[in-house]
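Dear colleague,

Please find below the structure that I would like to hand over to you.

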Amino acid sequence: TGYFTYDPSYTSTGSCQSAITYIDGEAGVLMHRGYSIEDLATNCDFMEVAYLLLHGELPNPDQKYDLEHAITHHTMVHEQIHKFLEGFRRDAHPMAVMCGVVGALSAFYHDSLDINDPRHRMISSHRLIAKMPTIAAWAYKYSLGQPLMYPRNDLRYAENFLHMMFATPCDTYRINPVLARAMDRILILHADHEQNASTSTVRLAGSSGANPFACIAAGIASLWGPAHGGANEAVLNMLEEIGSPSRTNEFVKRAKDKDDPFRLMGFGHRVYKNYDPRAKIMSRTCHEVLEELGMQKDPLLEIALELEKIALEDEYFVEKKLYPNVDFYSGLIFKAMGIPTSMFTALFATARTVGWIAQWSEMVEDRDQRIGRPRQLYTGSTARPFVPMDQR
Ligand code: CMC
């Protein structure tokens, strides 16, 4: 009943109020709680940004210590999850494993599921942020058939993730500070992005009062698609398929062809009609990492640079305002670090968990929030007489 606006894909619907993230898509501006993404990515670490997103202010040293302490003391997952993991096929995609395992967390941590209790909400938030790297790294180790590595509480968030990915019981992973800093920065750049598809999914799931573990599992499912978080994996597959800078023109041509479903992955954005500010920082980080590893002549980087150059000058891309987005360079950095392509989106999910949970908490605290219930334009049959089975 009542009037509503038909807005497929929500291009002009503001679904909520939020004080967390601000985007000016025309100007290419992204801010969290009023701080520019450039300032945060340059001067903060991921835990500081997590505190900012969750609490609204940058932490002082004591507040940061408390958050880090809370997170590091929730990094282990229930031992039974180890067994749960073993139920998956070894070749399962890490995002499939993450959807399942994160959803199952509510079956393990039901002592913090009263969403009306702020202490429960905070414990669940800490648990999710702390356990995501463990679950992601375990999904990878499991696919390799290697022993699962337990978290190390003496390491920082990004370092601990690299440790769980690459150490083995017989070999420590030597942390390279440039790579650890790059990983931390990638986490910052992916931490939140206002009401994107996965965050809106988390909010919609949560609007019914569902528990945060279930809501974040829904967010992971939405993030998986190639139009969203799955794009970082798709970019790398595309660069490999292109194979040589001399073939970039051919693929740009295909991307412009209306009869060809191919799109340049890592280009375009629903909100940014300018260079994605995250992509600029990501490109810088990519160069830093490749230089550190002596890979400045990486053939995939050359293809990416060529592609970016062509696309930024090409009439089609200029006219449609299609610029590189956050996913364009992140895959190259991950690959250089030795992270397999199938893990890229799992890393995005790990970082975005902070934003998802901050947005979920904000929604639960918002007294105006009721269950989300979009309407539809009905296009089916008008009323007609029922036909019994023997007459059909
Ligand atoms: N390559 C070629 N053409 C494109 C591309 C592209 N990457 N992106 C958009 N277009 C064209 C599209 O064909 C359409 O043309 P026309 O107006 O003639 O029909 C026009 O640009 C507008 O595109 P749209 O699909 O209506 O725009 P959207 O806001 O619905 O989609 C998008 C945004 C990000 C899904 C899309 O740009 C895309 O598919 N990009 C490639 C995938 C990608 O990189 N995704 C990561 C997004 S950023 C991180 C994240 O969200 O996780």
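The notes below proceed from the model as a whole to particular parts of the chain.

Please bear in mind that this is a predicted model. The chain has a mean pLDDT of 95, and 100% of its residues reach 70 or more. For the complex, the predictor reports an ipTM of 0.97 and a pTM of 0.95.

Overall fold. The chain contains 17 helices and three strands. Its radius of gyration is 22 Å, close to the 21 Å given by the globule rule for 392 residues, so the chain is as compact as a globular protein of that length. Taken along the principal axes, the box filled by the C-alpha atoms is roughly 70 × 55 × 50 Å. Of the 392 residues, 45% count as buried. Among contacts in the chain with a separation of 6 or more, 76% are made by residues 24 or more positions apart.

Ligand surroundings. The ligand is surrounded by 19 residues, of which the closest are Ala231, Arg263, Gly268, Arg270 and Asn325. By class, this shell comprises eight nonpolar, seven polar and four charged residues.

A helix pair. Two packed helices are described by the angle between their axes and the distance between the axes. In the case of α5 (residues 94-108) and α17 (residues 344-365), the axes come within 8 Å and cross at roughly 35 degrees. The residues that meet are Pro94, Met95 and Met98 from α5 and Thr345, Ala346 and Ala349 from α17. This contact has five nonpolar residues, one polar residue and no charged residues.

Backbone points to inspect. Most residues other than glycine have a negative phi. Ser9 has a positive phi, near 65 degrees, and lies in the segment before β1 (21-24). Ser9 is exposed, because 8 other C-beta atoms lie within 10 Å, and a residue with 12 or fewer is classed in this way. Lys321 also has a positive phi, in this case near 55 degrees. Lys321 is located in the loop between α15 (315-319) and α16 (327-337). It has 14 C-beta neighbours inside 10 Å and therefore counts as partly exposed, as this number falls between the limit of 12 for exposed residues and that of 20 for buried ones.

With kind regards

Terms used:
Residues numbered from 1 in each chain as written. Predicted model: local features only at pLDDT ≥ 70, side-chain atom pairs only at ≥ 80, totals over all residues. Axes fitted to C-alpha atoms, helices over the stretch in contact; angles between N-to-C directions. Helix = DSSP H or I, 4+ residues; strand = E, 2+ residues; numbered from the N terminus. Contact = placed C-beta atoms within 7 Å. Nonpolar A, V, L, I, M, F, W, Y, C, P; charged D, E, K, R; others polar. pLDDT = per-residue confidence, 0-100. Near = placed C-beta within 6 Å. Rg over C-alpha atoms; globule rule 2.2 N^0.38 Å.
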